[in-house]
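Hello,

Here is the structure I promised to pass on. Please open it first, then read my notes below.

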Amino acid sequence: MLQVTFITPEGNQSVAATAGDSLMEVAVANNVDGIGGDCGGVCSCATCHVRVAQDWVERVGRPGKDESEMLSFYPTATGESRLSCQIQLSDSLDGLVVEVAPLD
Amino acid sequence: MFLRMKDVRGVTRDWKTFSSDAPFRVPIPSEESVRSVRQLPIETDPPEHTEYRGLIEPFFERPRQPWMQESIRGLVVAMLADVLARESVEVVDEFSLPLQSRALAILLGVPASEAEEWIGWGVHVLKASDGSGLSGEKGARLDKYIQKRLNSAEREPGDDFFSALVRAEFRGRRLTRDEMTGFCNLAFAGGRDTVIHSVSSIIAHLADDPGILRRLRDHPKLVMSATEEFMRYISPIAHLGRVCPHGANAGGQHVQPDGRVSLCWASANRDGSVFEAPEELRLDRKPNPHVAFGSGPHSCIGSLHARVLLRVLLEELAAQVASIHVYERTEHVEQIAQFARRVGFERLVVKFVPRA
């Protein structure tokens, strides 16, 4: 088990997660506001956008080709932007902090 | 016509050049002969679009609620029980169409009995059933029904979609009757033939490749990516239009002021620079950045409902059906200028074989 924290306009939400799950799946299972995950995690809908906290950017890693291309269509995306469905959780991400920030 | 993924996605976000503020002209062919009102929210641009869409968005978010997903599952289970007991079933008229109408009744919060009337409207709510294209008569019938429902919602408001429109406020005023009608017109036209063709096509695929049902049974999580891949592969809406008020340069082609361009979702979904082996149906395709539900601010507002319906359908088919045998099939062919495109079926007669 590991813990991840979502920063939302309503406050911080820390939830337990299992290695192997995607960050989007964890958010949806815990009803985190602002994470839709409509397409189920295939990188088609961009409703699971988060901004990774500075200290975690390196450990989480950079977006892949399809994800980068998707993010490039949104002027509100930043260098810390990721689609949470593409972040696979592992023990090394225990304590991860991300900000929930819908793109549109 | 914009054919490539990158161009299609880009154009949906450049509404100053490629506008949706064009009543009747977002669908291709144009629909001025079958309706008299602007469809809402689709035939507007931001910022009006954002506000119009916000009025009905809560309704279309409801499929996230577990009670609604269970309600959809109850419908699918009951309809499968019926077809599993029969020797043969014509899938389009006896399964896909009633399933779509009854699921829409759940989404719009109206009694199930309403759906029985909608079923009588056929696969496309604005097109003649003989394939002769848009039908003014069908458009008038839909409008008459919408006025009837809006009248009763005004007299006796409830918790349904029509009543929500009657109560809604846009920029400090109530909606006009034309605006309410525009929302309703889209609610009935938008997710109809699209869902019906998708359901029929999925059933044909499951019949042609019996291994799929087994794979879905053995790997329940596959249902998510399989639903998306079916949508990419089927692409129920080939394309939609945008109008260029000031003219435009569209990939080297000059578009006249007031000229129209097409955003071809079906083509973008087979873009070889995005999808490996785009002609192959790969149920575990991930990532799968398809645009079967469009893209940008106008992306399909009913996509969540459609996704829930198709996921539940795949789960229940996998759980209950051993195989599907096709007795007869006539594909539905859509003509787009000089191009013919297969999407869905006119007739698909099958037997659903129950699991022992």
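Helix 10 of chain B has buried residues, and what covers them includes helix 9 (193–208), helix 11 (222–234), helix 13 (303–320) and strand 8 (321–336) of chain B. Helix 10 itself spans residues 211–218, and B:Gly211, B:Ile212, B:Leu213 and B:Leu216 are buried there. Buried means under 20% relative accessible area, exposed over 50%, partly exposed in between (1.4 Å probe, protein chains only). Helices (H or I, at least four residues) and strands (E, at least two) are DSSP runs, numbered from the N terminus.

This is a predicted model: local features need pLDDT of at least 70, side-chain atom pairs count only at pLDDT 80 or more, and totals for chains, interfaces and linings use all residues. Residues are numbered from 1 along each chain as its sequence is written, chains are lettered from A and ligands numbered from 1 in the order written, and side-chain values use heavy atoms, without hydrogens and water.

Now chain A. Its secondary structure comes to 3 helices and 5 strands. Along the sequence the pattern is β-β-α-β-α-α-β-β. The C-alpha atoms of chain A fill a box of roughly 35 × 25 × 25 Å along the principal axes. Of its 104 residues, 49% count as buried.

Contacts (heavy atoms within 4.5 Å) come next. Among those in chain A with a separation of 6 or more, 62% join residues 24 or more positions apart.

Last, charge. Chain A has 5 positive side chains (Lys and Arg) and 15 negative ones (Asp and Glu); His and the chain ends are not counted. The centres of the two sets lie 8 Å apart, with each charge placed at NZ of Lys, CZ of Arg, CG of Asp or CD of Glu.

Best wishes
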